[in-house]
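Me: I am new to this structure and would like to go through it step by step. Please bring it up, and I will ask as we go.

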Amino acid sequence: MAGSTVRDPLGDDLLTPQNAALLVIDYQPGQFAAVSSIDQDLLLENVISTVKIAKLFGVPIVHSTINVANGRGQPTVPELAHVPEDDPPIDRTSINAWEDADFLAAVRATGRRKLIICALWTEMCMAFPALDALREGYDVCPVVDAIGGTSEEAHRAALERVVQAGAQPISWVPLAGELQRDWAREETAEAAVELVRREPVPTA
């Protein structure tokens, strides 16, 4: 049987651990409380799974919160906060994270041109930076089942808006498969399967 075709991990049109970064924006109690486009418990499970997938494959994470320093907002929900613990949040006041200098610098510092986006809410904190990133030539992949809007209509309209601008939606399970790509990559294969099945990943 012929082996897998070796593709350039940086120039690949698909997401790879070498060409992508994950943006995790505003997973805070106030934002969760207003989500009605998806079950909130399922949303939390999905975004945690997405972050774990990114960490498994060594994908850089840019984590951001809004209004925590000024006391208007609460920190990232604790169930998620411990997952990207090596990636402390960049706190900001701008609704559009792309308008925050520190956030933008952190994204650019990854050197990655493909951005996987998870944000609350879909219609603002996902859509606004996604549109700006697309205008700057980034490839943008919103994780549709790890984001949520204040209504089904708002969520759907925001996704349609960014897709019309060139975004490529993805969900969290195929994200794992796209990064894994070949089961011969044994260093991540078992853990990827366990994450998709939502089984505990053994610790060394």
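Me: How far does the backbone nitrogen of Asp102 lie from a polar atom of the side chain of Asp100?
Reply: A word on the source first: this is a predicted model, in which local features need pLDDT of at least 70 and side-chain atom pairs count only at pLDDT 80 or more, while totals for chains, interfaces and linings use all residues. Residues are numbered from 1 along each chain as its sequence is written, and side-chain values use heavy atoms, with hydrogens and water left out. Between the backbone nitrogen of Asp102 and a polar atom of the Asp100 side chain, the distance is 3.1 Å.

Me: How far from Asp100 is the nearest side chain of opposite charge?
Reply: Lys and Arg count as positive and Asp and Glu as negative, with His and the chain ends not counted. Asp100 is buried (buried is under 20% relative accessible area, exposed over 50%, partly exposed in between, with a 1.4 Å probe and protein chains only). Even so, Asp100 has no salt bridge, which would be a side-chain nitrogen of Lys or Arg within 4 Å of a carboxyl oxygen of Asp or Glu. The nearest side chain of opposite charge is that of Arg92, and its distance is 5.8 Å.

Me: Which strands stand at the edges of the sheet?
Reply: Two strands pair if DSSP finds at least two bridges between them. Here five strands form an open sheet in the order E3-E2-E1-E4-E5, with parallel pairing. Each edge strand has a single partner, so one side of it is left without a neighbour in the sheet; these strands are E3 and E5 (139-142).

Me: Which residue in E4 stands opposite Leu22?
Reply: Strand E1 (residues 20-25) pairs with strand E4 (residues 114-119) in the parallel sense, over six bridges. Opposite Leu22, the residue in E4 is Ile116.

Me: Which strands does helix H2 touch as it packs on the sheet?
Reply: Helix H2 covers residues 40-56, and its direction makes about 150° with that of E1. Helix H5 (residues 122-135) lies across E1, E3, E4 and E5, running at about 165° to E4. As for H2, the strands touched are E1, E2 (61-66) and E4.

Me: What does the cover over the buried residues of H7 include?
Reply: In helix H7 (residues 172-180), the buried residues are Trp172, Leu175, Ala176, Glu178, Leu179 and Gln180. Their cover includes H2, E4 and helix H8 (186-196).

Me: What is the phi of Asp26?
Reply: Most residues other than glycine have a negative phi. Asp26, in the loop between E1 and helix H1 (29-33), is buried with a relative accessible area of 0%. Although Asp26 is not a glycine, its phi is positive, at about 70°.

Me: How many residues apart are Asp26 and Arg92?
Reply: The side chains of Asp26 and Arg92 meet in a salt bridge (2.8 Å, N to O). This pair links distant parts of the chain, with Asp26 in the loop between E1 and H1 and Arg92 in strand E3; their separation in residues is 66.

Me: What is the relative accessible area of Lys114, the salt-bridge partner of Asp139?
Reply: The closest N and O atoms of Asp139 and Lys114 are 2.6 Å apart. Asp139 lies in strand E5 and Lys114 in strand E4, so the pair ties together parts that are 25 residues apart in sequence. Asp139 counts as partly exposed at 28%, whereas Lys114 is buried, with a value of 8%.

Me: Which residue does a cis peptide bond join to Leu120?
Reply: Most peptide bonds are trans. In this cis bond, omega is about 5°.

Key
Polar contact = N/O pair within 3.5 Å; in protein donor to acceptor, adjacent residues only side chain to side chain. Helix = DSSP H or I, 4+ residues; strand = E, 2+ residues; numbered from the N terminus. Contact = heavy atoms within 4.5 Å. Axes fitted to C-alpha atoms, helices over the stretch in contact; angles between N-to-C directions.
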